[in-house]
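Here are my notes after a pass through this one. Have the model open while you read.

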Amino acid sequence: MILDEIVADKRKRLAEHKERISEQEMKELAAQCDRESISFYSALAGEGLSIIGEFKKASPSHGKMDNKIELTDRIDQYNASVDAISCLTEEDHFLGSVDYFKQIREISDLPMIRKDFIIDPYQIFEAKVIGADCILLIAAILNDRELKLFYELAYDLGMDVLVEVHDEEEMMRAVGLDAKIIGVNNRNLKDFSIDLNTTKKLAQMVPDGTLLVSESGVSTDEDVEFLKEIGVDALLIGTVFMEAEDPKALASKWRTL
């Protein structure tokens, strides 16, 4: 399965990263950070539909993005039209990097989520160091102990957490964690098929006060209207924004549908 391959590659990358900067050093760097995080939760909790604009170079299901505009132009457009930014830092399958994250952090005051396959506390300390306001935790690749440990560590460091789920069992785990932000991935990470009804099916399990984010598969006005009717709080949009000539106009239109 592609998910297993991604996680296996991530473990190899982590070993390389720890050779350059040890976990103890990264932990100390995180402790020294005096930057005050921007509330990812508050950015998505406002009235109406919120949008998270994503930056990624590629994905296993889509291949390389057909970028029409450069990074700085894109972030200028995001700054003017979305509520938060997601940046992929996974190197092998999404061609991401912490360098892209740091570049965006320098030119945006929006809350940013580090989107990666987090399997080790090292990555959470590193997220703090590079200026993340939120991290992604994928329930499918973490056991209950890891999910709780990583969730609490992120909040101890002053960051929010988006807990990603795909089925009822994972949603129950996220709810049991009292997750403040739950993302439903409409893409099956095992075979990469997409079904927006995944969000519809799981939305009814989300407690009051918990923010619901729908991730993956949004590409048309009809998709946005469908998810808005379900009652999602926010959409995380990647590919269609990355390949749009004017993501600002697209985001602005979808916010007001």
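**Notes on the predicted model**

1. Let me start with P60, which is partly exposed at a relative accessible area of 31%. Keep in mind that this is a predicted model. P60 sits in the loop between β2 (58-59) and β3 (63-64). Leaving aside residues up to four places away in sequence, P60 touches I2, I6, H93, F94 and F192. Take F192 from that list: 132 residues separate P60 and F192 in sequence, yet their C-alpha atoms are 8.5 Å apart.

2. Now to helix α1, which takes in residues 2-20, 19 residues in total. From first C-alpha to last, α1 reaches 27 Å, close to the 27 Å expected at 1.5 Å a residue. Its buried residues are L3, I6, V7, D9, K10, L14 and H17. Looking down the axis of α1, you'll see these buried residues fall within an arc of 165 degrees, so they line one face of the helix. Note that D9 and K10 are both on the buried list. I6 is on that list as well, and I6 is also one of the residues touched by P60.

3. What covers the buried residues of α1? Part of the cover is α6 (121-129). On the other side of α1, R11, K12 and E19 are exposed.

4. Next, have a look at T199 in helix α9 (residues 197-203). Is T199 buried or exposed? T199 is buried, with a relative accessible area of 0%. Its side chain makes a polar contact of 2.7 Å with the side chain of N186. Besides N186, T199 touches V184, L212, S214, L227, I230 and V232, again not counting residues up to four places away in sequence.

5. On cysteines, the disulfide count is zero.

6. Last, the aromatics. The count comes to five aromatic pairs. Ring pairs link Y78, F241 and W254 into a cluster.

Terms used. Residues numbered from 1 in each chain as written. Predicted model: local features only at pLDDT ≥ 70, side-chain atom pairs only at ≥ 80, totals over all residues. Heavy atoms only, no water. Helix = DSSP H or I, 4+ residues; strand = E, 2+ residues; numbered from the N terminus. Expected span 1.5 Å × (residues − 1). Buried < 20%, exposed > 50% of the residue type's maximum accessible area, 1.4 Å probe, protein only. Arc of directions from axis to C-beta. Contact = heavy atoms within 4.5 Å. Phe/Tyr/Trp six-rings, centres within 6.5 Å; stacked < 30°, edge-to-face > 60°. Polar contact = N/O pair within 3.5 Å; in protein donor to acceptor, adjacent residues only side chain to side chain. Disulfide = S-S within 2.5 Å.
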